[in-house]
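The sequence and the structure come first.

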Amino acid sequence: MYIGLDIGGTKIEICVLDEKGLVSLKKRTPTPKSYVDFLTTVTDFILSIEQEIGSSCKVGIGLPGAISPVTGLIKNANCTFLNSQNLQFDLSKLLSRPINIANDANCFALSEAVDGAGKDGSVVFGAILGTGCGGGIVFNKAVWSGPNAIAGEWGHNPLPGYSPEMDGVSRPCYCGRKNCIEQFISGTGFELTYKLITGKYLPANEIVALLNERDDNAANAYGKLIDQMARCFSSVVNLLDPDIIVLGGGLSKVESIYRDLPLATSKYVFTDFADLKFVRAQFGDSSGIRGAAWLSLEG
Ligand SMILES: [Zn+2]
């Protein structure tokens with residue numbers, strides 16, 4: 001059996017998967033506020049669940065952050081008390097077994113590549129287009145994170161071909177750079193594009209509702225989104241040429257993307273014909289936690 005944990009800013013979710021990927025148990029608990037409390041909570045949570053199912057499990061953890069290959073310490077986590085901690089070592093010691101930890105975007109990509117929408121591909125690129133924009137690469141059902149633990153994270157690359165005429169005013173990013181991909185092809189970026197056109201803020205789902213009613217401003221914002229996505233994904237295709245690109249997060253629920261994006265992207269790809277497969281994540285919001293569980297398939 002495989003345990004997956006998804007560490008969020010407010011809650012920790014846990015699920016138990018059997019060998020076939022069926023969920024036998026799913027629970028959640030509030031995220032503690034300190035590292036010491038976090039270790040105790042996670043350890044007790046796992047041990048109590050193992051007692052409940054009467055079996056010891058392999059454990060994988062997904063979190064919005066990464067393990068520094070240089071120091072072994074957590075970096076870039078939004079639960080800031082985890083940063084600079086040796087979480088893998090501490091939990092392995094407390095639970096007397098190896099613990100796998102990966103970035104949540106990598107967990108998403110792994111989940112979809114193992115038994116989700118990307119299961120038929122050898123090389124899968126997973127992109128979460130939600131509040132922000134994360135990416136992960138899976139080769140033959142194993143996450144490729146790279147020697148710097150940054151593979152797939154193209155959300156903070158500059159938007160390819162950015163121009164004020166096409167994309168509007170320059171957009172600063174919290175990372176300190178400007179015009180990062182994340183500032184455009186995320187729910188937040190789409191809302192900003194619409195606001196620049198109309199002067200009015202609307203949440204992404206309401207812009208999509210207007211799009212379905214053939215509203216001109218919504219169509220204009222959507223057209224820009226598709227072109228920006230096409231530029232971003234063409235750089236992925238030119239570099240990696242994945243068999244399947246799986247989309248997750250709020251924007252992945254916009255059905256017309258799967259009709260419009262392949263052609264728009266192929267125009268930017270450096271080949272005369274590009275057969276591109278964009279698919280929507282099969283497991284939706286559960287992908288991260290399933291991928292965390294599947295980390296243990298690798299080792
Ligand atoms: Zn950035």
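The largest pocket has a volume of about 1,400 Å³. The model is a predicted one, in which local features need pLDDT of at least 70, side-chain atom pairs count only at pLDDT 80 or more, and totals for chains, interfaces and linings use all residues. Residues are numbered from 1 along each chain as its sequence is written, and side-chain values use heavy atoms, with hydrogens and water left out.

**Pocket and cavity**

- A pocket is an open set of points on a 1 Å grid over the protein atoms alone, with protein on both sides within 12 Å along at least five of seven lines; lining residues have an atom within 4 Å of a point.
- Of the 44 residues lining the largest pocket, Pro64, Asp104, Ala105, Ile128 and Gly134 are the closest to its centre.
- Two or more lining residues come from each of α3 (104-115), β9 (133-139), β11 (244-248) and α9 (287-294); α3 gives the most, with four residues.
- Helices (H or I, at least four residues) and strands (E, at least two) are DSSP runs, numbered from the N terminus.
- A cavity is a set of grid points where a 1.4 Å probe fits but cannot get out, and the structure holds one cavity of 30 Å³ or more.
- The largest cavity contains about 50 Å³ of space, where a volume is the space filled by probe spheres set on the points, and grid points are joined across faces, edges and corners.
- Val237, Asp241, Pro242, Asp243, Ile245, Leu276, Lys277 and Phe278 line the largest cavity.

**Zinc site**

- His156 (ND1), Cys173 (SG), Cys175 (SG) and Cys180 (SG) coordinate the zinc ion at 2.0 to 2.4 Å.
- Donors are N, O and S atoms within 2.8 Å of the metal (3.2 Å for Na, K and Ca); water is not among the atoms, so sites may look incomplete.
- The arrangement is tetrahedral because the four donor atoms subtend angles of 103 to 117 degrees around the zinc ion; four donors count as tetrahedral if all angles lie between 85 and 135 degrees.
- The spacing of the donor residues in sequence is H-x16-C-x1-C-x4-C.
- His156 lies in the loop between β10 (142-143) and α4 (164-167), and Cys173 in the loop between α4 and α5 (187-198), so this pair ties together parts that are 17 residues apart in sequence.
- His156 is partly exposed, at 21% relative accessible area, whereas Cys173 is buried, at 8%.
- Buried means under 20% relative accessible area, exposed over 50%, and partly exposed in between (1.4 Å probe, protein chains only).

**Aromatic contacts**

- Rings of Phe, Tyr and Trp (its six-membered ring) pair if their centres lie within 6.5 Å; planes under 30 degrees apart count as stacked, over 60 as edge-to-face and the rest as tilted.
- The count by this rule is eight aromatic pairs.
- Phe125 and Phe233 make an edge-to-face pair, with 6.5 Å between centres and 80 degrees between the planes.
- That pair links distant parts of the chain, since Phe125 is in strand β8 (residues 123-129) and Phe233 in helix α7 (residues 216-240), 108 residues apart.
- Phe233 also forms an edge-to-face pair with Phe278, at 5.3 Å centre to centre and 80 degrees between the planes.
- Here the link runs from helix α7 to strand β12 (residues 278-280), with Phe233 and Phe278 45 residues apart.
- Phe233 is buried, at 0% relative accessible area, and Phe278 is buried too, at 7%.
- Phe125, Trp154, Phe233 and Phe278 are linked into a cluster by ring pairs.
- The charged end of Arg290 sits over the ring of Phe283, 3.8 Å from its centre; this requires NZ of Lys or CZ of Arg within 6 Å of the ring centre and within 35 degrees of the ring normal.

**Backbone and single residues**

- Most residues other than glycine have a negative phi.
- Ala149, in the loop between β10 and α4, has a positive phi near 55 degrees.
- Asn179, in the loop between α4 and α5, has a positive phi of about 60 degrees and is buried, at 7% relative accessible area.
- Val114 lies in helix α3 and counts as buried at 15% relative accessibility.
- Val114 and Gly291 are 177 residues apart in sequence and 8.3 Å apart in space, C-alpha to C-alpha.

Methods: Tetrahedral: all angles 85-135°; square planar, octahedral: opposite > 155°, others 65-115°.
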